[in-house]
Amino acid sequence: MASVILEYFRLGYSERMTDSVQTIAGQVPRSFAQYAPDYKAEFAVPTAAS
């Protein structure tokens with residue numbers, strides 16, 4: 001199954017852009033550069049308690 005998914009990406013199907021998010025949400029989607037700072041804490045790796 002994974003090979004089918006990887007082949008899909010290799011053939012370039014993942015490069016296609018659509019306006020689906022804008023159509024559904026009614027606004028232009030934000031970039032990952034805009035998203036990441038807002039959710040920085042969600043990506044943090046927990047550290048051991050002292």
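Helices (H or I, at least four residues) and strands (E, at least two) are taken as DSSP runs and numbered from the N terminus. The structure is a predicted model, in which local features need pLDDT of at least 70 and side-chain atom pairs count only at pLDDT 80 or more, whereas totals for chains, interfaces and linings use all residues. Residues are numbered from 1 along each chain as its sequence is written, and side-chain values use heavy atoms, with hydrogens and water left out.

Accessibility is classed as buried (under 20% relative accessible area), exposed (over 50%) or partly exposed (in between), with a 1.4 Å probe and protein chains only. Just after α1, Gly 12 adopts a positive phi of about 95 degrees.

Aromatic pairing was assigned to rings of Phe, Tyr and Trp (its six-membered ring) with centres within 6.5 Å; planes under 30 degrees apart count as stacked, over 60 as edge-to-face and the rest as tilted. Across the whole structure, 5 aromatic pairs are found. In one of them, the ring centres of Phe 32 and Phe 43 lie 6.4 Å apart with planes at 65 degrees, so the arrangement is edge-to-face. This pair links distant parts of the chain, since Phe 32 belongs to helix α3 (residues 32-38) and Phe 43 to helix α4 (residues 40-43), 11 residues apart. Phe 32 is exposed at 58% relative accessible area, while Phe 43 is partly exposed at 49%.

The rings of Tyr 35 and Phe 43 are likewise edge-to-face, because their centres are 6.2 Å apart and their planes at 75 degrees. Tyr 35 is partly exposed, with a relative accessibility of 30%. Phe 32, Tyr 35, Tyr 39 and Phe 43 together form one aromatic cluster.
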